[in-house]
Amino acid sequence: MKKKERVSAHMNPPQSDVTKVELHPISDDESVGFFACLTINRPDKLNALNGEVMTALKDVCAWMESTENVRVLVVTGAPPNAPPEGKRAKPHAFVAGADITEFAGAGSDVIREKFKDNAVEALWNLSKPTIAMVDGFALGGGCEVACSCDVRIASDRSTFGTPEINLGLIPGYGATQRLERLVGYGKAHEMIMTGDMVPAEEAHRIGLVNHVVAPEALEATTFDMARRIGSKSSHALKVGKQTVRSALDEALTEGVATEAEAFANLFDSEDKEIGVQAFLNRETAQWKHR
Ligand code: COA
């Protein structure tokens with residue numbers, strides 16, 4: 001199939017006023033597929049998550065699930081716009097949290113509805129691999145979006161934090177659970193109780209981010225990983241993601257049994273035979289993704 005036919009064969013990615021999605025080929029051979037880079041695009045508000053962004057994120061997650069040849073999702077925030085004459089530039093941000101203007105005057109009924117089946121859960125529940133590419137503030141909901149991705153790569157000028165306590169609140173998009181699993185009970189308590197920001201190097205040391213790189217290297221490092229992951233069998237990736245996730249909810253003995261079953265089941269997949277034969281014949285595997 002030619003490039004044009006293949007691009008139109010999967011739906012065009014959903015775009016919005018506050019998000020954009022770009023497709024990048026995984027390799028020179030476009031039959032391998034694509035990865036998508038989703039940019040949250042409200043730089044003047046440090047990419048804060050308002051209702052419009054959350055709806056757009058859910059649309060992108062639904063689209064990702066419905067496409068076959070888009071294999072990995074990278075999530076990032078838009079860089080700052082050039083400041084108007086005489087004004088200071090806004091800082092770099094991944095996402096500086098939920099849009100606080102939407103909290104003013106809101107009661108529990110409104111918030112319960114707004115946070116039900118939210119976009120951060122949609123991202124978490126995506127069956128495909130996800131990478132957060134963080135350049136700048138990842139605060140509150142921004143830290144939680146990052147924690148909902150499978151891998152986090154940050155520039156060395158990034159900072160992470162859960163400052164909701166300063167608003168008389170606690171995190172609402174899963175940080176008490178997912179951040180706790182990444183950094184442990186003590187550090188999660190410290191972050192949530194103090195609201196203090198954690199610089200990228202410390203975030204790396206405590207396991208909150210996988211890699212820290214210079215801002216100029218962030219995109220290349222992230223896209224390289226997206227390409228390397230995207231070149232594997234999507235079927236094996238999906239099973240691997242599900243199985244690692246099961247470790248969060250299952251006891252060790254149960255989890256090891258879950259893995260054994262998932263591993264055995266993969267022996268009935270086409271990709272297992274393709275991968276094994278490719279190794280034995282010293283060839284590159286041409287995955288069927290099933
Ligand atoms: N919701 C809504 N707007 C936000 C926002 C948020 N979470 N975070 C930043 N913004 C807006 C600011 O109101 C400001 O808008 P304006 O220029 O129209 O006034 C713009 O983004 C730039 O932010 P500003 O505060 O001027 O930048 P700064 O460099 O002085 O400070 C931060 C940067 C990140 C320290 C600061 O913006 C901040 O603390 N943000 C809130 C973080 C937070 O509490 N997140 C959790 C929310 S639950």
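This is a predicted model: local features need pLDDT of at least 70, side-chain atom pairs count only at pLDDT 80 or more; totals for chains, interfaces and linings use all residues.
Residues are numbered from 1 along each chain as its sequence is written, and side-chain values use heavy atoms, with hydrogens and water left out.

Student: How many salt bridges does the count come to?
Tutor: Side chains of opposite charge can pair when their charged atoms come close. A salt bridge here is a side-chain nitrogen of Lys or Arg within 4 Å of a carboxyl oxygen of Asp or Glu. By this rule the count is 16 salt bridges.

Student: Which side chain meets E102 in a salt bridge?
Tutor: The N to O distance of this salt bridge is 2.8 Å, and the partner of E102 is K114. E102 lies in the loop between β4 and α3 and K114 in helix α3, so the pair ties together parts that are twelve residues apart in sequence. Helices (H or I, at least four residues) and strands (E, at least two) are DSSP runs, numbered from the N terminus. The residue asked for is K114.

Student: Where do R112 and D109 lie?
Tutor: Their side chains meet in a salt bridge of 3.5 Å, N to O. Both R112 and D109 are exposed. They are three residues apart, about one turn of the helix, and both lie in helix α3.

Student: Which residue forms a salt bridge with E270?
Tutor: The closest N and O atoms of E270 and K288 are 3.6 Å apart. E270 lies in helix α12 (residues 270-280) and K288 in the segment after α12, so the pair ties together parts that are 18 residues apart in sequence. E270 is partly exposed at 34%, and K288 is partly exposed at 43%. The partner of E270 is K288.

Student: Which residues are linked with K187 in a network of salt bridges?
Tutor: The network holds K187 and R205. It also holds E190 and E202. Linked with K187 are E190, E202 and R205.

Student: What is the nearest side chain of opposite charge to E144, and how far away is it?
Tutor: Lys and Arg count as positive and Asp and Glu as negative; His and the chain ends are not counted. E144 lies in helix α5 (residues 141-148). E144 is buried yet has no salt bridge. The nearest side chain of opposite charge is R178, at 6.7 Å.

Student: How far is R178 from E164?
Tutor: E164 lies in the loop between β8 (159-161) and α6 (175-183). E164 touches E144, among others, where contact means heavy atoms within 4.5 Å. E164 is buried and has no salt bridge. R178, its nearest side chain of opposite charge, is away by 11 Å.

Student: Which residues gather in a patch of positive charge on the surface?
Tutor: Patches are made of residues with over 30% relative accessible area and no salt bridge; like charges are joined within 9 Å, nonpolar side chains (Val, Leu, Ile, Met, Phe, Trp, Tyr) within 5 Å. One member, K90, lies in the loop between β3 (70-77) and β4 (93-95). K90 counts as partly exposed because its relative accessibility is 39%. The residues are K45, K87, R88 and K90.

Student: What is the area of the nonpolar surface patch?
Tutor: I100, L167 and L169 make this patch. I100 lies in the loop between β4 and α3 (108-115). At 47% relative accessibility, I100 counts as partly exposed. The patch area is about 250 Å².

Student: Is L46, with its positive phi, buried or exposed?
Tutor: Phi of L46 is near 50°, and L46 is a residue other than glycine. L46 lies in the loop between β2 (34-40) and α2 (51-66). Its relative accessibility is 18%, so L46 counts as buried.

Student: What is phi of D117 near?
Tutor: D117 sits in the loop between α3 and α4 (119-125). At 58% relative accessibility, D117 counts as exposed. Its phi is positive in a residue other than glycine, near 45°.

How values were computed
Buried means under 20% relative accessible area, exposed over 50%, partly exposed in between (1.4 Å probe, protein chains only). Accessible areas come from the Shrake-Rupley method with a 1.4 Å probe; for residues, only the protein chains shown count as cover. The place of a charge is taken as NZ of Lys, CZ of Arg, CG of Asp or CD of Glu. Lists of a residue's contacts leave out its neighbours within four places in sequence.
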